[in-house]
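Hi,

Here is the structure I promised to pass on.

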Amino acid sequence: MKNLKEVLINTGGMYSYITITSDSTVMIEGCTQIVECNEVLVKVLTKLFSVEVWGSGLALNSFSNSTVSVTGSICSVGLERRKAGEPL
Amino acid sequence: MISLGQVTYRFSDEYSGRVLRFISRNRIQAENITTKGGYTCLTIPMELKRELENELKAIGAEYETVSRSGLMYRLMILLRKKGLVIGSLVSLVVLFVISDLIFSFEILCDDNVIKKDVMNVLYQNGIRAGSSISGINMTMAERDLKEKVSGISWAGISIRGCKVIIDVIENNPQPERRERRLPTNLVAKEDAVIESVEVMDGQLMKPVGSAVCKGEIIVSGNEFFDRKYYHGTVEKHTYFQRYTRSIAKVYGSFEKTETFFQPYFTTEKMTCGEPETKSFLYIFDTEIPLFFETDSECLISPEVYEPMTFFGFELPVGRKSVELTHYSYTQRPISETEAADRAASLAETYEHNFLSEYEIRDRSESIKTTEEGVYLTVKYSLYGEISEEVEFFIKK
């Protein structure tokens, strides 16, 4: 049952790829919403996760294909599964 | 995506949440979204400017435009500078106009006479430096060139840029033909003794070994024939007369005496002062002197032409300069020895110029010095052609 759910999520494009290129760039695909963007924290939502990027001097670039990139001095990238029923 | 430009906005960070949601909802391409000092900055393409501004107005955010960049803004900045726009337009118009003008000519021929004739004919056809290329009637000009320029058998005109190229094919040189068919005598041009004769046509009047005076007929073009026949036992003669052109080579020996005089001074051309550079402004084919006065008695150096160039193209405007050196004639006294040497040099020049067709068999000279100068008398014993052709029906 769990496997079936995974397959459905995967085929429905629910997963998003997060690419940590270096300690200065993180690329997050499938972003549904930018929640917060300041010097130390960038928080964005994907379909299943809330992604938090911590660091200093952060800046966000948003592209038209639902992809965002975070640049600056990055300390950590955190993932938190979104609760059921939380609006996308 | 090619962006025409970018705009950077700054607004209070209390509105950043809503603006970020708007960006992510509408998938707006935004760069450098940063929050610092209570303000949020972001950069968006110029095409999306109106959309974002409407949103900012809708949420009641006060915003300001921090910077603008990109091709469109640069163009707008340039367009605001009217002088630059007018200058560019004027340049374009000037370039358009001058691209239709003839600047220079190239004639693919080595003969300077033909080149000059070709230029004259082109000038008559209105093809000259500064005239319009579109107004050229090449067919007529080519036809005129073929008709009016002697020495060419074909001419073609082509245009490359602002240069008119004239290709001509010169006539093949015709072999020389002797057109004289009048009856002529061969007469002696010197008092001489005939040493050998080769007669091809005409009647020989003087045998080898005989002396002739200047003007005496050696070979006559008026020939008489005596045909002898017998009528029974009676001898009869029939006389014929024929006019012909005398052709013969008559060689003889003769003597000639010449005297050369050299005074005790010589006239020499002396340069005075340093060379002076004179410049001309060269516009198309016109040379405008950039000086006020000139002295005609000057030695002129070869011209130096420095054309102006525009992006590698040679313009018909430039500067020509020549170096002029003043000179004067001065008389320099010379010694008797130098005078004798100069007299000998005169004799040598005379031999080179006037006696080169003869063989000098003997040469004796005597020098006589007077108060005025040196007299060199040279007695030549010569051998060579001594006859010349004279038309005998024409009074000379």
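Below is what I found, going from the contact between the chains to a few single residues.

A word on conventions first: this is a predicted model, in which local features need pLDDT of at least 70 and side-chain atom pairs count only at pLDDT 80 or more, while totals for chains, interfaces and linings use all residues. Residues are numbered from 1 along each chain as its sequence is written, and chains are lettered from A and ligands numbered from 1 in the order in which they are written.

**Where the chains meet**

On chain B, 15 residues are in contact with 14 residues of chain A (contact means that the C-beta atoms, placed from the backbone, lie within 7 Å). On the chain B side, α1 (16-25) and β2 (30-36) each supply at least two residues; helices (H or I, at least four residues) and strands (E, at least two) are DSSP runs, numbered from the N terminus. The most comes from β2(B), with 7 residues. By type, the chain B side splits into 5 nonpolar, 6 polar and 4 charged residues. Here Ala, Val, Leu, Ile, Met, Phe, Trp, Tyr, Cys and Pro count as nonpolar, Asp, Glu, Lys and Arg as charged, and the others, Gly among them, as polar.

β2(B) also pairs with strand β5 (residues 49-62) of chain A, antiparallel and over 2 bridges (strands pair if DSSP finds at least two bridges between them). A:Ser62 has B:Ala30 as its bridge partner there.

Still in β2 of chain B, have a look at B:Asn32. Its phi is near 50°, a positive value in a residue other than glycine. B:Asn32 counts as partly exposed, because it has 14 C-beta neighbours inside 10 Å (20 or more would be buried, 12 or fewer exposed, and partly exposed is in between, with C-beta atoms placed from the backbone). On chain A, A:Ser66 has a positive phi of about 65° and is not a glycine either. A:Ser66 sits in the loop between β5 and β6 (68-81) of chain A, and is partly exposed, with 15 other C-beta atoms within 10 Å.

**A sheet in chain B**

Chain B has an open sheet of 5 strands in the order β11-β9-β15-β22-β21, with antiparallel pairing. β11 (211-212) and β21 (359-369) stand at the edges with a single partner strand each, so one side of each has no neighbour in the sheet. Further in, β9 (residues 192-201) and β15 (residues 247-263) of chain B run antiparallel and are joined by 7 bridges; one of the pairs is B:Val197 with B:Val250.

**Two helices in chain B**

The axes of α5 (residues 112-124) and α6 (residues 138-148) of chain B come within 10 Å and cross at roughly 135° (axes are lines fitted to C-alpha atoms, for helices over the stretch in contact, and angles run from 0 to 180 degrees between N-to-C directions). B:Val118, B:Val121 and B:Leu122 in α5(B) meet B:Ala141, B:Asp144, B:Leu145 and B:Lys148 in α6(B). That contact has 5 nonpolar, no polar and 2 charged residues.

**One last residue**

B:Glu106 is in strand β5 (residues 104-108) of chain B and counts as exposed, with 12 C-beta neighbours inside 10 Å. Its C-alpha atom is separated by 4.8 Å from that of B:Ile165, 59 residues apart along the chain.

Best wishes

Technical notes. Contact = placed C-beta atoms within 7 Å.
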